[in-house]
Amino acid sequence: MNEYSVLISGAGIAGPALAHWLHRQGIRSTIVEQASDLRLGGQAVDLRGLGEVVAQRMGIMPRVRERIVHEKGLRYIDSAGRALATMPADLFVGDGSPVTEIEIMKGDLTEILHDLVADHTETIFGDRIEALSDGPDGVEVTFRSGLVRTFDVVVGADGIHSGVRALAFGPESDYVVHLGAYLGYCTVPDPGPLDSWFDMYSEPGRMLALRPERGGTAKAMLAFADTGLDVDRRDVASQKRLLREVFAGMGWRSEELLAAADADDEFHLDTVSQVHMEHWATGRIALVGDAGYCGSPLTGMGTSLALVGAYVLAGELGRARGDHAAAFARYEEIMRPYVVASHTLAPGGVDGFLPRGRFALRMRVLTARLMHHWPMRQLVAKMLDKSEAIELPEYEWAELASA
Ligand SMILES: Cc1cc2nc3c(=O)[nH]c(=O)nc-3n(C[C@H](O)[C@H](O)[C@H](O)COP(=O)(O)OP(=O)(O)OC[C@H]3O[C@@H](n4cnc5c(N)ncnc54)[C@H](O)[C@@H]3O)c2cc1C
């Protein structure tokens with residue numbers, strides 16, 4: 001290990017992935033996570049295309065496969081729960097597919113990544129960066145706990161509401177673009193038999209969905225279209241009241257899912273947003289994952305972007321041998337086309353996700369049925385594939401002890 005040191009803010013997906021790849025470049029890193037322990041909650045996330053390639057290179061696929069959520073695919077249903085159209089998981093392959101074969105609970109993936117780095121990466125829980133002073137010899141970091149330390153480089157891997165971004169680049173409102181929808185999710189402890197489908201029931205401008213989890217529970221998603229609400233993301237009680245108003249009178253299992261949201265301490269509602277930035281680095285400070293380029297849950301690309309971004313950033317920092325400016329420039333150059341492609345929403349954008357009228361809803365079902373057929377299937381697969389936007393660089397990595 002050389003003396004070069006990197007501080008990573010955030011122990012979600014991008015943070016530990018970056019620590020792993022830095023370790024394999026002989027670079028020491030420290031992770032600071034504001035939660036008091038690993039955050040093991042969260043929804044199922046998709047591992048697709050190049051994200052899966054990077055996961056393979058990390059050697060974590062055997063553990064991922066042990067914890068995979070067996071999901072047949074996406075099923076549009078009517079208010080009685082009858083299937084209107086299905087999109088099986090093997091319908092498309094590649095980065096931008098709306099359905100994917102590798103689904104894993106976000107908490108499971110977080111734990112696998114943390115285990116990978118626990119032996120060699122110092123992780124500080126229950127603290128966060130309070131101030132950053134970027135100087136010629138390093139970044140002086142003041143933590144909320146009062147600790148002051150200096151690092152060669154600081155990386156914000158602290159998600160869509162990134163603290164590092166706010167400190168080093170400016171307020172969230174300059175970078176986070178609200179796409180016009182809200183999405184809440186909660187756990188349903190006893191959903192009954194789901195037949196392994198990700199069921200989605202829609203009415204104009206609102207949607208309820210239920211997807212199976214490992215262990216027999218399910219995750220409910222409650223989404224609605226709106227741009228102008230004043231929702232405080234920390235005021236969970238008023239969010240739950242808002243959901244009751246928005247979903248009043250909705251069919252299917254709405255009462256049951258609203259009750260599950262009420263009962264869930266980890267219920268979470270946020271805007272459906274993307275992060276758009278001209279640069280992901282300033283001085284000795286850089287961003288990776290959702291902090292720099294969140295594509296929103298609508299793209300399904302968040303995990304893959306975080307894993308690929310961590311791989312490229314660590315590879316370039318290792319290759320540049322201390323020249324962080326050169327490393328950050330290459331990181332941006334390589335990642336930019338992939339991020340731009342990954343931010344492209346499926347046809348219809350938010351209106352495709354939450355159609356506003358009955359006719360549009362019927363058209364979506366029809367389109368889903370047509371997707372089973374050539375040439376529609378080939379056309380859509382080509383349109384959704386993001387992997388051509390980036391050529392994953394090869395770097396020289398130190399082998400893992402067990403490899
Ligand atoms: C409802 C929903 C559905 C999604 N569905 C999918 C999907 O199907 N497929 C997919 O690929 N992706 C999906 N995503 C996105 C995916 O979860 C993220 O894009 C991905 O986890 C990005 O990882 P990250 O490490 O950048 O951020 P995160 O996983 O958000 O991790 C950030 C970490 O930083 C910590 N943190 C935050 N602020 C601070 C601070 N100031 N100081 C220290 N630590 C801090 C947080 O506690 C957290 O541990 C979904 C997201 C949501 C919200």
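**Working through the predicted model**

Trainee: Let's start at Arg 358: which helix is it found in?
Mentor: Arg 358 is found in helix H12, residues 358-370, where helices (H or I, at least four residues) and strands (E, at least two) are DSSP runs numbered from the N terminus. This is a predicted model, in which local features need pLDDT of at least 70 and side-chain atom pairs count only at pLDDT 80 or more, while totals for chains, interfaces and linings use all residues. Residues are numbered from 1 along each chain as its sequence is written, and side-chain values use heavy atoms, with hydrogens and water left out.

Trainee: Is Arg 358 buried or exposed?
Mentor: Arg 358 counts as exposed because its relative accessibility is 52%, and the cut-offs are under 20% for buried and over 50% for exposed, with partly exposed in between (1.4 Å probe, protein chains only). From C-alpha to C-alpha, Arg 358 is 7.4 Å from Glu 203, although 155 residues separate the two in sequence.

Trainee: OK, switching to the ligand: which residues come nearest?
Mentor: There are 30 residues around the ligand, and Ala 14, Glu 33, Arg 39, Lys 106 and Asp 290 come nearest; a residue belongs there if one of its heavy atoms lies within 4 Å of the molecule.

Trainee: And which polar atoms lie by the ligand's oxygen and nitrogen atoms?
Mentor: A polar side-chain atom of Lys 106 lies 2.6 Å from a ligand oxygen atom, a polar backbone atom of Ala 14 is 2.8 Å from a ligand oxygen atom, and a polar side-chain atom of Ser 9 is 3.4 Å from a ligand nitrogen atom. The protein buries 89% of the 1,000 Å² that the ligand exposes when taken alone, with areas from the Shrake-Rupley method and a 1.4 Å probe.

Trainee: Which elements give two or more residues to that shell?
Mentor: They are strand S2 (28-33), strand S3 (44-46), strand S12 (176-188) and helix H9 (302-320). By type, the shell divides into 12 nonpolar, 11 polar and seven charged residues; Ala, Val, Leu, Ile, Met, Phe, Trp, Tyr, Cys and Pro count as nonpolar, Asp, Glu, Lys and Arg as charged, and the others, Gly among them, as polar.

Trainee: How many residues of helix H1 are buried?
Mentor: Helix H1 (residues 14-23) has nine of its 10 residues buried, including Ala 14, Trp 21 and Leu 22. Those buried residues pack against strand S1 (5-9), S2, helix H2 (49-58), H4, strand S11 (153-156) and H9, and contact here means heavy atoms within 4.5 Å.

Trainee: You mentioned H4, so what about Asp 108, buried or exposed?
Mentor: Asp 108, which is found in helix H4 (residues 106-117), is buried because its relative accessible area is 10%. Its side chain makes a polar contact of 3.0 Å with the side chain of Arg 214. A polar contact is a pair of N or O atoms within 3.5 Å; within protein, one must be able to donate a hydrogen and the other to accept it, and residues adjacent in sequence count only if both atoms are side-chain atoms.

Trainee: What's in the largest nonpolar core?
Mentor: That core has 80 residues, and Val 64, Leu 307, Val 308 and Met 335 touch the most other members. H9 gives the core its largest share, 10 residues. A nonpolar core is a set of buried Ala, Val, Leu, Ile, Met, Phe, Trp, Tyr and Cys residues joined through side-chain atoms within 4.5 Å.

Trainee: Which residues is Met 335 in contact with?
Mentor: Leaving aside neighbours within four places in sequence, the contacts of Met 335 include Trp 280, Tyr 293, Leu 305 and Ile 390. Apart from this core lies another one of 23 residues, among them Val 188, Ala 220, Met 250 and Leu 269.

Trainee: Last topic: where does Asp 195 lie?
Mentor: Asp 195 lies in the loop between S12 and strand S13 (197-203), and Ser 196 has its place in that loop too. Most residues other than glycine have a negative phi. Asp 195, however, has a positive phi of about 60°, and Ser 196 has a positive phi of about 65°. Asp 195 is partly exposed, at 44% relative accessible area, and Ser 196 is partly exposed at 29%.
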